[in-house]
Amino acid sequence: AAMAARCRLAARFHHIHGANIRLDASHTQATRVESFANGLCFSQEPLAPGQIFLVEIEEKELGWCGHLRVGLTAHDPQSLEVVPEYSLPDLVNMGDTWVFAITRNHNRVVVEGEEVQVQARPWEPFLLIERVRIPRDTLVGRSRPGRYSHILDDLYKMNVLPATARRSRIGVLYVPQPNGTADMHIVINGEDMGPSARGLPATRPLYAVVDVFASTKSVRVIPVDYGFPSLQTLCRLVIQKHIVHRVAIDGLDLPPLLKSFCQHE
């Protein structure tokens with residue numbers, strides 16, 4: 001229960017943020033209202049080991065070069081005299097900060113001598129990162145109901161939707177290692193990109209960093225409910241495994257509420 005409460009608190013943005021950021025009343029949506037910089041945000045609480053801080057890109061802004069940046073910092077946002085203008089390089093140059101710039105493609109980290117893990121099938125209920133097990137269902141975004149929504153869903157399933165696109169879901173977490181340090185992992189649309197930073201101080205509080213930078217205009221925190229998937233979620237995974245796309249759900253002999261759950265959210 002204590003872990004669940006902590007996860008709920010961390011699944012919000014800290015009230016300390018960049019000068020151009022506006023948070024909604026729930027502190028789960030962050031929007032950059034001016035310029036392309038001063039969009040730095042932090043998790044409200046330090047993350048627990050293996051806990052993912054997940055955001056969905058809600059709005060884009062044309063005309064800027066660059067995209068979302070995410071990572072971890074050992075700096076308590078409350079202790080910052082001034083929130084840096086940029087996560088890269090300003091916050092990183094303060095030390096004890098690890099930030100990864102998300103690009104349209106090629107976000108996977110390939111380490112020499114290590115085998116590249118095969119991407120799990122989209123209906124498998126958990127994403128496994130070393131000893132960490134994360135419910136996969138929340139990690140992959142879904143298009144809003146519409147004429148072409150099934151096409152977007154197929155792009156998610158094939159993992160060809162650009163990481164910087166609207167509705168992409170991007171998360172950051174750290175995994176403790178036997179030597180007392182931790183590895184930072186980035187997860188994009190349900191796929192682990194690999195250890196993008198190593199040697200993090202696992203014994204210190206680590207806050208998530210989200211830089212709403214340049215072409216990324218607005219993001220929303222997506223809470224991840226750890227534990228066993230609900231029966232409703234398992235039903236959706238099985239149904240999606242056996243259909244071509246969500247449009248076909250309309251023709252199935254299912255209760256209306258289950259149809260809506262499988263199609264929309």
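Me: Why is arginine 198 called partly exposed?

Reply: Arginine 198 has a relative accessible area of 43%. Buried means under 20%, exposed over 50%, and partly exposed in between (1.4 Å probe, protein chains only). The value of 43% falls in between, so arginine 198 is partly exposed. This is a predicted model, in which local features need pLDDT of at least 70, side-chain atom pairs count only at pLDDT 80 or more, and totals for chains, interfaces and linings use all residues. Residues are numbered from 1 along each chain as its sequence is written, and side-chain values use heavy atoms, with hydrogens and water left out.

Me: What makes arginine 198 and aspartate 183 a salt bridge?

Reply: Their side chains meet at 2.9 Å, N to O. A salt bridge needs a side-chain nitrogen of Lys or Arg within 4 Å of a carboxyl oxygen of Asp or Glu. The distance of 2.9 Å is within 4 Å, so the pair qualifies. Arginine 198 sits in strand 11 and aspartate 183 in strand 10 (residues 181–188), 15 residues apart. Strands (E, at least two residues) and helices (H or I, at least four) are DSSP runs, numbered from the N terminus.

Me: Why does aspartate 183 count as buried?

Reply: Its relative accessibility is 2%. That is under 20%, so aspartate 183 is buried.

Me: What makes the link between arginine 220 and glutamate 58 a salt bridge?

Reply: N to O, the two side chains stand at 2.9 Å. That is within 4 Å, so the term applies. Arginine 220 lies in strand 13 (residues 216–221) and glutamate 58 in strand 4 (residues 53–60), so the pair ties together parts 162 residues apart in sequence. Asp24, Glu58 and Arg220 are linked in a network of salt bridges. The structure holds nine salt bridges.

Me: Is glutamate 58 buried or exposed, and why?

Reply: Buried, because its relative accessibility is 17%, and the limit is under 20%.

Me: Why is the pair of phenylalanine 36 and tryptophan 64 called tilted?

Reply: The planes stand 40° apart, and the centres 5.0 Å. Rings of Phe, Tyr and Trp (its six-membered ring) pair if their centres lie within 6.5 Å; planes under 30 degrees apart count as stacked, over 60 as edge-to-face and the rest as tilted. At 40° the pair is neither stacked nor edge-to-face, so it is tilted. Phenylalanine 36 is partly exposed at 28%, and tryptophan 64 is partly exposed at 36%.

Me: What makes the pair of tyrosine 86 and phenylalanine 213 edge-to-face?

Reply: Their planes stand at 75° and their centres 6.1 Å apart. The angle is over 60 degrees and the distance within 6.5 Å, so the pair is edge-to-face. Both residues are buried. Phe36, Trp64, Tyr86 and Phe213 form one aromatic cluster.

Me: Why do strand 1 and strand 2 count as paired?

Reply: Strand 1 (residues 21–23) and strand 2 (residues 29–32) share three bridges, in the antiparallel sense. Two strands pair if DSSP finds at least two bridges between them, so three is enough. Leucine 23 stands opposite alanine 30 in strand 2. The two strands form a hairpin with five residues between them, and histidine 27 in the turn has a positive phi of about 60°. Strand 2 also pairs with strand 13, antiparallel over three bridges. There, glutamine 29 stands opposite arginine 220.
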